Amino acid sequence: MENEERLYLRYAYNDLVKNKGINAALVVTLVLSAFLMATGSMVLERLAGSISRLSEQGKPPDLLQMHKGEYDPAALTRFAADHESEIDAWLVEEMLGYDSASLSWSRPGTGETGDLAASRIDNLFVTQNTEFDFLVDRTGAVVEPAAGEVYVPVLYQKQYGLTTGDVLTIRTASGPHQLEVRGEVKDAQMGASLSPSSRFLIHPEDFEALGRAGGATPEIIVEYRLAAGGDANAMQTAYEGAGGLPTNGQVVTGPQLRIISMIGDGLVAFALVFVSLVLIAIALLNLRFVIRGTLEDEVHEIGAMKAIGIPDREISRLYLTKYSILAVVGCVVGGLLAIIAANLLTQGIQTNYAQAPVGVWTFLVPLIALAAVYLIVVGICRGVLRGVRRIEVVNALVHGSTLDEKQAARRARQRARWVRRTGLASSSGAGVNRRLALLDLRAEGRAWVLLPVVFGLTAVLITLPANMVSTFEDPRFVTYMGVPERDLRADVQFQEDVDGVKDRLVAAMADDDRLTDVRSYAYVDYTADSEDGPARLRVEVGNRPDDEGIRFSQGGLPRDGQIALSVLNADKYGVGVGDELTIHDGDKPITVQVSGIYQDITSGGQTAKMSGEVTEGAAAYTVFADLAGDLADGGADPGGIADEYDEQFPTAGVKPTQEYVRETMAVLTDSMRGAAWVALVFGLGVVVLITSLFLKLRLARDRSTMGVLSAIGFAAQELVGQVRTKTLLAVAAGTAAGVVFAATAGQSLASAALTAVQLGITDLTFIPNPWLVYVLYPLLLLGAGYFGVAVLTSGVRRADKSEWIRR
Amino acid sequence: MNQAAVTLESHELSKTYFSTEPPTEVLRGIDLSVRAGEFLVVMGTSGSGKSTLLYSISGMDRPTSGSVTLEGRELTSLGDTEMSKVRLTRMGFVFQQPHFLSNLNVRDNILLPALKAAPRHGREAAISRVDALMERFGIAPVRSHGITQVSGGQLQRASICRALAGEPSVLFADEPTGALNSSKTAEVMDAFTEVHRGGTTIVMVTHDPGVAVRGERVIYLRDGAVVAAREIGRWEPDTAHRREDVLLAWLRDLGF
């Protein structure tokens with residue numbers, strides 16, 4: 001090692017030892033930033049790897065159409081023949097759907113039993129496919145169960161602890177059918193946390209037996225694997241436009257499957273990256289503050305070094321070595337901690353999907369993330385240390401100032417103007433303390449700005465996810481799902497006698513005194529021209545009251561001859577409010593005008609509404625009802641009534657609207673809640689750290705002022721009070737600004753993020769929990785600030801005051 | 001020592017700094033009496049404990065042991081808030097560096113202790129008193145200036161004004177001319193002499209014999225103990241040189 005290098009390292013070492021507290025606080029901030037950045041990037045890499053790996057093993061379809069009811073197999077064969085060049089393979093998978101309440105389990109060894117009634121997802125029993133869309137075991141092998149055996153979805157295995165040897169009992173119309181659990185299967189198509197259904201794998205003999213036994217809802221999935229370079233969206237458009245093909249159910253493309261998986265399981269990782277970006281911003285502000293402070297404190301030494309001819313670049317390197325060491329320590333420790341955290345966080349992902357292969361990107365992604373943190377930190381340090389060049393020898397040695405002549409003169413003029421304008425004479429007694437604190441805060445605003453900025457950023461950091469959670473959880477969020485705020489909701493769909501079930505349900509509800517305003521909406525399939533050609537447009541048709549309560553981002557309810565479109569559909573068909581859209585009912589073209597655009601996250605965000613009355617022949621129906629006046633006024637729970645109807649009409653899916661919202665949003669809300677907790681814990685930790693570090697430096701700088709005030713007759717308690725007043729004012733200002741930013745611009749940020757993931761929401765209005773974000777969080781931040789100032793000022797009372805003046 | 005009442009007294013005063021390894025004993029059992037209206041000068045070599053003595057008897061620092069009494073009131077047993085009140089109402093300080101608050105103009109810096117001590121209804125009286133002090137010490141023309149806009153001598157005279165603003169019974173000064181050139185030193189020491197003539201007790205630390213001659217009594221510290229004391233009588237301008245010679249000879253004998 002060169003002598004010069006040794007000198008730099010020795011200087012850095014001495015400084016690190018001398019200023020342990022400040023350097024430790026800096027390192028902790030850097031470690032946290034690097035840790036979160038590396039963890040977030042590692043989790044995302046592992047998640048993407050796991051999804052891809054499972055995709056390789058399970059070979060999911062590029063396009064799938066679910067369907068309930070009759071269909072024409074010949075039409076499917078014709079469609080496949082017509083698109084032979086685009087389709088690599090296709091299949092029709094038959095499935096038997098069971099309500100969760102029909103499934104129970106027992107453990108012969110221990111006598112334990114239970115059921116899956118609490119599960120809200122569809123349970124589909126299938127046999128193994130032969131060409132693609134395989135259900136695979138933990139090792140990625142395609143599983144072939146023997147007769148009498150069943151492989152359960154990983155989700156159930158995790159949720160209910162089902163293990164090999166357990167007995168799964170299916171309640172059929174002809175009695176119970178028992179199967180022995182042989183293990184769990186991973187499902188590339190329905191494995192995502194956001195997936196509304198899951199598949200159980202059984203032997204063809206059992207499948208036939210269950211089919212004969214009755215009690216199941218038969219369903220099919222038409223699946224296509226496209227030839228290399230195939231466009232799933234174009235194929236979907238072609239499929240929907242072909243006519244005569246089964247379309248009574250969800251349609252999903254491969255890219256949508258991957259997005260659903262990434263959103264459901266990657267949200268926490270995205271949140272970690274977001275938190276780390278804010279932390280890096282805080283760490284950089286902090287570094288800038290510390291470096292500037294150091295240059296001011298050591299201006300005499302810098303002046304002396306310049307005077308003996310050491311070049312500016314060398315002086316900068318002396319300091320830069322220390323910050324480079326801190327950044328390296330931060331990145332190395334943060335990276336090592338990230339390995340542990342990422343392993344913990346990806347355990348669930350690896351169980352749901354597949355063991356991601358360890359490749360070069362596994363190492364490169366976190367290394368690139370850490371290198372970015374290091375380079376940004378060192379780059380900023382280098383920028384701030386350019387200030388060394390501006391320091392003039394005479395000013396440094398004689399006046400102890402980092403300013404050059406011009407800057408010093410300008411600063412003096414500003415200060416002179418300031419002191420002429422301000423006055424102390426209006427204060428007396430204890431009021432002098434308050435006045436001094438305010439004057440100092442105003443005059444030294446540039447020095448104090450770190451605290452409000454850090455608290456503002458942290459307020460945004462902890463408020464944004466909390467606002468999103470409360471919005472997702474709020475009863476009013478239902479308006480983002482394209483549905484009115486009604487008490488009960490029933491979905492009569494995907495079954496044989498849709499019209500009959502709907503009619504009986506509506507009649508029963510209309511006769512029920514406890515319910516009022518029963519309305520049914522029919523789902524009618526049209527086709528319309530999109531950019532990619534004709535596509536199916538499912539429209540909800542119904543007799544709409546004026547106060548239906550759907551939130552329109554533009555325009556309003558559709559009247560006769562009008563249609564309202566969801567944001568994604570308006571985008572898909574390239575129309576806005578007032579535009580005309582031609583839809584086809586079979587071969588009959590109908591021209592409708594777009595009356596409004598609303599946000600909707602259901603059905604892949606692609607929905608539409610028209611006014612009118614369709615009482616039969618629709619693909620599906622939704623029925624809404626409110627509790628009657630006295631029940632609603634008494635705060636009655638619609639859950640009990642929903643359960644009654646659910647028992648009477650098991651295929652109608654009657655539930656309180658709020659439960660429907662909760663179920664639909666559960667995964668997103670849970671992930672976001674996790675992110676909100678991470679942000680809160682890290683945010684509070686960081687503000688305590690930064691407040692302490694800031695005050696440590698600030699108190700050191702204000703020592704002589706405190707000394708003279710003490711000599712004049714200010715008690716230590718008053719000096720501490722002044723520091724607390726200044727700190728709490730700075731903290732409160734930052735927190736208030738952060739909360740306001742989160743509520744305004746933060747809302748736009750969240751909307752932009754949701755728009756980017758194509759959920760169907762483009763303009764989110766937060767529904768905050770006011771007690772949480774406007775009372776508790778600000779109090780927590782103020783408390784954190786107060787804690788920091790209390791710790792740092794605790795030594796003031798005990799100090800020998802003359803030390804402050806004599807140093 | 002003449003028979004005037006003792007205003008400030010220390011008994012067996014010791015101060016040890018435990019932050020060093022080994023602990024440093026800076027003051028070793030100092031007994032000291034300062035008469036009301038006396039101008040006492042504390043001298044000694046560097047590190048002899050002069051400033052530590054000043055800050056210990058003024059209550060800025062807590063002595064390790066021993067007692068300090070001001071106007072009959074024991075100070076070492078007082079809490080920080082009580083001690084601060086004593087400093088506010090009975091003591092004034094002048095330091096080597098002026099140590100002004102840069103966010104206040106010269107007048108507000110001087111007003112600070114007066115306003116702090118004044119009840120709401122006494123504010124006007126405090127302001128009048130400070131304005132009169134500024135006139136008296138020639139600071140009035142720079143009253144609204146920032147502290148970087150006035151000379152070192154003016155600042156130190158402003159320091160004296162600030163120290164007197166609360167009408168203290170004792171004025172403590174720690175090397176008040178240490179950062180000034182000779183002409184500014186004379187200017188500032190004239191101000192001290194004037195204050196002393198007004199009846200204020202002064203305890204001043206200095207290493208400059210030319211400044212020390214302004215005092216009435218000089219004590220000499222070595223290794224934290226008072227090793228000698230000398231009465232030199234009241235200062236008059238025409239006897240300045242003779243007093244300085246006498247003092248220098250005495251100091252030389254002490255190894256200064």
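1. In this predicted model, Tyr523(A) stands opposite Ala620(A), a residue of strand 21 of chain A. The two strands concerned, strand 14 (residues 515-530) and strand 21 of chain A, run antiparallel to each other and are paired over seven bridges.

2. Strand 21 of chain A also pairs with strand 13 (residues 488-493) of chain A, again in the antiparallel sense, over six bridges. Within this pairing, Tyr621(A) of strand 21 is the bridge partner of Val492(A).

3. Strand 21 of chain A spans residues 620-627, and six of its eight residues are buried; the strand is therefore largely enclosed by the rest of the structure.

4. Some backbone features deserve a separate remark, because most residues other than glycine have a negative phi and most peptide bonds are trans. Asp133(A), which is not a glycine, has a positive phi near 55°. Asp133(A) lies in the loop between strand 5 (122-126) and strand 6 (135-136) of chain A. This residue counts as buried because it has 23 C-beta neighbours inside 10 Å, the cut-off being 20 or more.

5. In chain B, Glu167(B) likewise has a positive phi, near 50°, and is not a glycine. Its place is the loop that connects helix 5 (152-164) and strand 7 (170-174) of chain B. With 15 other C-beta atoms within 10 Å, Glu167(B) is partly exposed.

6. The peptide bond between Glu21(B) and Pro22(B) is cis, with omega about 0°. Pro22(B) belongs to the loop between strand 1 (6-17) and strand 2 (24-35) of chain B.

Terms used: Residues are numbered from 1 along each chain as its sequence is written. Chains are lettered from A and ligands numbered from 1 in the order in which they are written. This is a predicted model: local features need pLDDT of at least 70, side-chain atom pairs count only at pLDDT 80 or more; totals for chains, interfaces and linings use all residues. A residue is buried if 20 or more other C-beta atoms lie within 10 Å of its own, exposed if 12 or fewer, and partly exposed in between; C-beta atoms are placed from the backbone. Helices (H or I, at least four residues) and strands (E, at least two) are DSSP runs, numbered from the N terminus. Two strands pair if DSSP finds at least two bridges between them.
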